[in-house]
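The sequence and the model come first, and notes grouped by topic follow.

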Amino acid sequence: MENRTNFRRFFGASLTILGVVVILFALIAFLSNKKPILGLTVSKAESAAPFIVGMIFLITGVNLVRES
């Protein structure tokens, strides 16, 4: 049972970190004014999708860590 708890903590921490990275990318893309970011040109409207996905990852990761 302890192995399952450690996996949940690891997976939760990974999702949290991934969520923060994706949110930061979305925020930088939002502020870039159509300049390429990591080779991608993202408009302000298009930066909403990575932000929403990042928020889902962040919330899910925090809940996994908190519940384990």
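**The loop between the helices**

Ser-32 is found in the loop between α1 and α2. Helices here are DSSP runs of H or I with at least four residues, numbered from the N terminus. The model is predicted, so local features need pLDDT of at least 70 and side-chain atom pairs count only at pLDDT 80 or more, whereas totals for chains, interfaces and linings use all residues. Residues are numbered from 1 along each chain as its sequence is written, and side-chain values use heavy atoms, with hydrogens and water left out.

- Ser-32 is buried, at a relative accessible area of 10%; buried means under 20% relative accessible area, exposed means over 50%, and partly exposed lies in between (1.4 Å probe, protein chains only).
- Leaving aside neighbours within four places in sequence, Ser-32 is in contact with Ile-37 and Val-42, where contact means heavy atoms within 4.5 Å.
- Leu-38 also lies in the loop between α1 and α2, and with a relative accessible area of 77% it is exposed.
- Most residues other than glycine have a negative phi. Leu-38, although not a glycine, has a positive phi of about 55°.
- Gly-39 is another residue of the loop between α1 and α2; its relative accessible area of 69% makes Gly-39 exposed.
- The C-alpha atoms of Gly-39 and Val-53 are separated by 20 Å, and the two residues are 14 residues apart along the chain.

**Helix α2 and its buried side**

- Helix α2 (residues 48–67) has 20 residues, which at 1.5 Å a residue should span 28 Å; the end C-alpha atoms are 29 Å apart, which agrees. The expected span is 1.5 Å times one less than the number of residues.
- The buried residues of α2 are Pro-50, Gly-54, Gly-61 and Leu-64. They cover an arc of only 95° around the axis, which puts them on the same side of α2; the arc is that of the directions from the helix axis to the C-beta atoms.
- What covers these buried residues of α2 includes α1.
- On the other side of α2, Arg-66 and Glu-67 are exposed.

**Aromatic rings**

- Rings of Phe, Tyr and Trp (its six-membered ring) pair if their centres lie within 6.5 Å; planes under 30 degrees apart count as stacked, over 60 as edge-to-face and the rest as tilted.
- By this rule the count is one aromatic pair. The ring centres of Phe-7 and Phe-11 are 5.9 Å apart and the planes are at 10°, so the pair is stacked.
- Both Phe-7 and Phe-11 lie in helix α1 (residues 2–31), four residues apart, about one turn of the helix.
- An α-helix has 3.6 residues a turn, so residues three or four places apart point the same way.
- Phe-11 counts as partly exposed, at 40% relative accessibility.
- The charged end of Lys-44 sits over the ring of Phe-30, 4.9 Å from its centre. A charge sits over a ring if NZ of Lys or CZ of Arg is within 6 Å of the ring centre and within 35 degrees of the ring normal.

**Salt bridge**

- A salt bridge is a side-chain nitrogen of Lys or Arg within 4 Å of a carboxyl oxygen of Asp or Glu, and by this rule the count is one.
- The side chains of Glu-67 and Arg-8 form the salt bridge (3.3 Å, N to O). This pair links distant parts of the chain, with Glu-67 in helix α2 and Arg-8 in helix α1, 59 residues apart.
- Glu-67 is exposed, with a relative accessible area of 54%, while Arg-8 is partly exposed, at 26%.

Definitions and conventions:
Helices (H or I, at least four residues) and strands (E, at least two) are DSSP runs, numbered from the N terminus.
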